[in-house]
Amino acid sequence: MKIGFIGTGVMGNAICLNLLKAGHQLFVYNRSKSKTDNLVEQGAVWCSSARVVTKKADLIFTMLGFPTDVEEVYFGSNGIFEEIVQDKYIVDLTTSKPRLAQKIFTTGVKNGAKILDAPVSGGDLGAKNGTLTIMAGGDKDAFRALQPVFNDFGKAVHYFGPAGSGQNTKMANQIMIAGTMTGMTEMFVYAKEAGLDLATVLETVSGGSAANWSLSNYGPRILQGDYTPGFFSKHFLKDLRIALETAAEMNLSLPATTEAKRLYEVLVDKQHLGDLGTQSLIKLWWQ
């Protein structure tokens with residue numbers, strides 16, 4: 001199968017490397033061409049637009065930043081749906097709006113394509129190690145057909161139902177992460193103010209009932225002063241806004257997630273630190 005990949009940032013690039021390692025023929029496009037250079041060196045073929053990728057590939061993955069980027073890549077000039085998509089598989093790995101996933105599905109099916117929304121979780125390490133969690137919604141037969149490809153970069157791969165279900169599952173995931181990130185941050189702030197040895201606190205807490213993925217993966221980075229993005233703060237804020245917008249549509253109030261969003265808004269919108277990793281939330285207390 002010829003695979004196209006649109007969006008080769010931190011996550012997309014690592015996924016592409018795993019697809020190349022698995023032996024797939026890969027066609028790539030990214031707005032910043034330089035972010036595909038290492039992939040081309042490994043055998044990928046550079047394409048000049050999303051439309052060209054779609055023309056050359058049988059399976060097209062997208063991994064983009066914001067819903068506006070998704071809209072542009074799918075529906076804009078030289079976008080995916082400007083090309084013939086009959087019998088092609090199209091999978092959006094972006095964390096995006098459930099309603100947008102449904103719009104892409106409807107348009108794709110109308111034009112004969114097989115569509116999935118399949119956001120992922122696991123951060124940069126999961127992408128590099130090929131151990132991402134993949135949450136899919138949309139065409140169930142397409143999901144079954146693509147399972148071997150998903151296994152090339154994912155460890156836990158699940159189907160949740162109609163179009164938009166993958167995005168809703170990812171929103172549930174991000175709601176959970178919001179709690180672990182604020183909890184980890186306040187834990188460090190409290191421990192430091194109490195005069196405790198932070199490395200020992202991290203080791204202790206990680207070995208007990210408070211253990212979680214964020215603590216294990218981002219806790220050591222905080223202690224090393226490493227705020228490079230495994231996942232951009234600006235993208236996490238985007239996710240929290242989508243989660244709360246969708247929750248409001250369901251008449252749900254999520255106060256803890258609302259507070260997490262407020263804190264990340266301070267970090268991203270007021271302190272302009274959106275290009276740092278989500279662990280940089282600690283900078284609201286530590287500079």
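The UniProt record, an unreviewed entry, places the feature "active site" at Lys170. UniProt positions follow the numbering used here, feature names are shortened, and annotations may be inferred rather than shown by experiment. This is a predicted model, in which local features need pLDDT of at least 70, side-chain atom pairs count only at pLDDT 80 or more, and totals for chains, interfaces and linings use all residues. Residues are numbered from 1 along each chain as its sequence is written, and side-chain values use heavy atoms, with hydrogens and water left out.

Lys170 is found in helix H8 (residues 165-193). Helices (H or I, at least four residues) and strands (E, at least two) are DSSP runs numbered from the N terminus. Leaving aside neighbours within four places in sequence, Lys170 is in contact with Thr95, Pro119, Val120, Ser121 and Met135; contact means heavy atoms within 4.5 Å.

Strand S8 (residues 132-138) is largely enclosed by the rest of the structure, because six of its seven residues are buried. The pairings of S8 are tabulated below; two strands pair if DSSP finds at least two bridges between them.

| Strand paired with S8 | Bridges | Sense |
|---|---|---|
| S6 (residues 114-117) | two bridges | antiparallel |
| S7 (residues 120-121) | two bridges | antiparallel |
| S9 (residues 154-159) | five bridges | parallel |

Leu116 stands opposite Gly138 in S8. Val120 stands opposite Ile134 in S8, and the bridge partner of Ile134 in S9 is Val157. From S8 the chain passes through helix H7 (residues 140-150) to S9 in a right-handed β-α-β crossover; right-handed means that, with the strands pointing away from the viewer, the path from the first strand over the helix to the second runs clockwise.

The UniProt annotation "domain: 3-hydroxyisobutyrate dehydrogenase-like NAD-binding", from an unreviewed entry, covers residues 164-284. This span is 68% helix and 0% strand, and its end C-alpha atoms lie 34 Å apart.

The axes of helix H9 (residues 198-206) and helix H10 (residues 213-223) come within 11 Å and cross at roughly 180 degrees. Axes are lines fitted to C-alpha atoms, for helices over the stretch in contact, and angles run from 0 to 180 degrees between N-to-C directions. H9 and H10 are therefore roughly antiparallel to each other, a term for angles over 145 degrees. Leu198, Ala199, Leu202, Val205 and Ser206 in H9 meet Leu215, Gly219, Pro220 and Leu223 in H10.

Terms used:
Buried means under 20% relative accessible area, exposed over 50%, partly exposed in between (1.4 Å probe, protein chains only). Angles under 35 degrees count as roughly parallel, over 145 as roughly antiparallel, 65 to 115 as roughly perpendicular and the rest as oblique.
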